[in-house]
2 protein chains.
Amino acid sequence: MNIGDVAQRAGVPAKTIRYYEEIGLVTPQRAANGYRHFRPIDLHKLAFIGRARALGFTIEDCRTLLALYSDDSRQSAQVKAVAQDHLRQIDEKIAKLVSMKETLSALVQQCAGDHRPDCPILADLADPAPRPFILP
Amino acid sequence: MNIGDVAQRAGVPAKTIRYYEEIGLVTPQRAANGYRHFRPIDLHKLAFIGRARALGFTIEDCRTLLALYSDDSRQSAQVKAVAQDHLRQIDEKIAKLVSMKETLSALVQQCAGDHRPDCPILADLADPAPRPFILP
DNA sequence: CTTGACCTTCCAGTTGCTGGAAGCCTTATG
DNA sequence: CATAAGGCTTCCAGCAACTGGAAGGTCAAG
């Protein structure tokens with residue numbers, strides 16, 4: 001298979017696949033004409049990476065996961081550790097975003113959004129109101 | 001004030017302030033010795049930027065917000081529009097992360113996390129189970 | 001006078017692609 | 001058989017928003 005086919009089937013852009021080869025994530029063979037030649041196993045690997053990326057794993061995580069996948073002597077605890085670590089980072093990101101959202105939507109609600117210049121959003125950025133005290 | 005002071009008071013790293021100058025976000029004066037000289041207004045601006053960044057606004061958003069802030073003929077609707085747009089993007093990010101989190105935590109729960117190699121996380125990445133049908 | 005804390009500039013690297021240019025290769029059509 | 005369209009190749013540049021580090025000037029204290 002050529003790169004276009006694989007891209008379509010794995011759901012990963014051709015450009016991205018070339019990049020993955022560049023960083024050594026995949027190593028397709030080459031045809032006589034210089035085209036990359038992908039075997040089914042390469043397609044499988046790319047689909048694996050695509051799904052891992054869709055779950056937010058970093059490229060380095062993907063490398064680790066692929067290594068574990070092809071390691072017969074792996075322990076599922078190793079995989080779980082990677083996933084749990086990632087899960088923790090997702091939670092952190094969500095918490096941060098939710099906190100932003102709360103602050104921002106409170107400000108947006110207070111803003112008249114009309115033709116007048118007075119704006120609590122700008123006022124808060126310029127000189128923030130003390131945040132309500134939140135117990136830990 | 002020198003950059004160290006401003007950095008401390010505005011809560012923005014000195015390195016970042018230099019970067020902000022480079023991209024024209026702030027324009028401190030210069031002392032005879034070549035040191036950047038920050039006036040109170042510069043500090044205020046940096047604190048403004050710092051808070052906007054903490055709310056997740058992009059640098060370009062910051063530029064826009066600063067322009068609106070110093071525009072007497074602004075309409076609060078303009079500010080509100082920027083904020084609402086940003087809020088929408090935050091919501092999108094949260095939704096994406098929550099979706100990842102759901103999938104991933106389901107997998108993590110199914111993983112024994114012991115010394116054996118069998119792992120539903122890897123199994124799913126290699127060959128995903130059909131996702132449960134979710135009504136819109 | 002020296003030491004140490006600041007400050008300066010410049011360069012490079014981060015993450016994960018993405019776009020574009022210039023130029024082969026292949027296949028279908030006139 | 002010529003050509004045009006589409007696919008493939010490489011290489012270079014750029015995005016966002018910093019961050020780290022090297023090499024060197026400046027300043028205040030002891």
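In which loop of chain A is A:Tyr35 found? A:Tyr35 sits in the loop between strand 1 (29-30) and strand 2 (36-37) of chain A; strands (E, at least two residues) and helices (H or I, at least four) are DSSP runs, numbered from the N terminus. The model is a predicted one, in which local features need pLDDT of at least 70, side-chain atom pairs count only at pLDDT 80 or more, and totals for chains, interfaces and linings use all residues. Residues are numbered from 1 along each chain as its sequence is written, chains are lettered from A and ligands numbered from 1 in the order in which they are written, and side-chain values use heavy atoms, with hydrogens and water left out.

Contact here means heavy atoms within 4.5 Å. Leaving aside neighbours within four places in sequence, A:Tyr35 is in contact with A:Asn2, A:Gln29 and A:Arg30. Its C-alpha atom is separated by 61 Å from that of A:Asp118, which lies 83 residues apart from A:Tyr35 along the chain.

The helices of chain A come next. The axes of helix 1 (residues 3-10) and helix 3 (residues 40-54) of chain A come within 9 Å and cross at roughly 45 degrees. Axes are lines fitted to C-alpha atoms, for helices over the stretch in contact, and angles run from 0 to 180 degrees between N-to-C directions. Angles under 35 degrees count as roughly parallel, over 145 as roughly antiparallel, 65 to 115 as roughly perpendicular and the rest as oblique; helix 1 and helix 3 of chain A are therefore oblique to each other. Their contact is made by A:Val6, A:Arg9 and A:Ala10 of helix 1 and by A:Leu43, A:Leu46 and A:Ala47 of helix 3. By class, this contact has 5 nonpolar, no polar and 1 charged residues, where Ala, Val, Leu, Ile, Met, Phe, Trp, Tyr, Cys and Pro count as nonpolar, Asp, Glu, Lys and Arg as charged, and the others, Gly among them, as polar.

Helix 3 of chain A also packs with helix 4 (residues 59-69) of chain A, at an angle of about 130 degrees and with axes 10 Å apart. This pair is therefore oblique as well. Among the residues making the contact are A:Phe48 and A:Ile49 of helix 3 and A:Leu65 and A:Tyr69 of helix 4. The classes here are 8 nonpolar, 1 polar and 2 charged residues.

In chain B, helix 1 (residues 3-10) and helix 3 (residues 40-54) pack at an angle of about 45 degrees, with their axes 9 Å apart. These two helices of chain B are therefore oblique to each other. B:Val6, B:Arg9 and B:Ala10 of helix 1 meet B:Leu43, B:Leu46 and B:Ala47 of helix 3. That contact has 5 nonpolar, no polar and 1 charged residues.

The two chains also meet each other. The size of an interface is often given as the accessible area lost when the parts come together. Chain B and chain A bury about 4,300 Å² between them, 75% of it on carbon and sulfur atoms; buried area is the accessible area (1.4 Å probe) that two parts lose on being put together, summed over both. In chain B, B:Leu104, B:Leu122 and B:Leu125 lose the most area to chain A, together 16% of what that side buries. The contact takes 51 residues from chain B and 51 residues from chain A.

A:Lys101 lies in helix 5 (residues 76-110) of chain A and B:Asp91 in helix 5 (residues 76-110) of chain B, so the pair joins two chains. In this salt bridge, the closest N and O atoms are 2.5 Å apart. Between chain B and chain A the count is 2 salt bridges.

Definitions and conventions: Salt bridge = Lys/Arg side-chain N within 4 Å of Asp/Glu carboxyl O.
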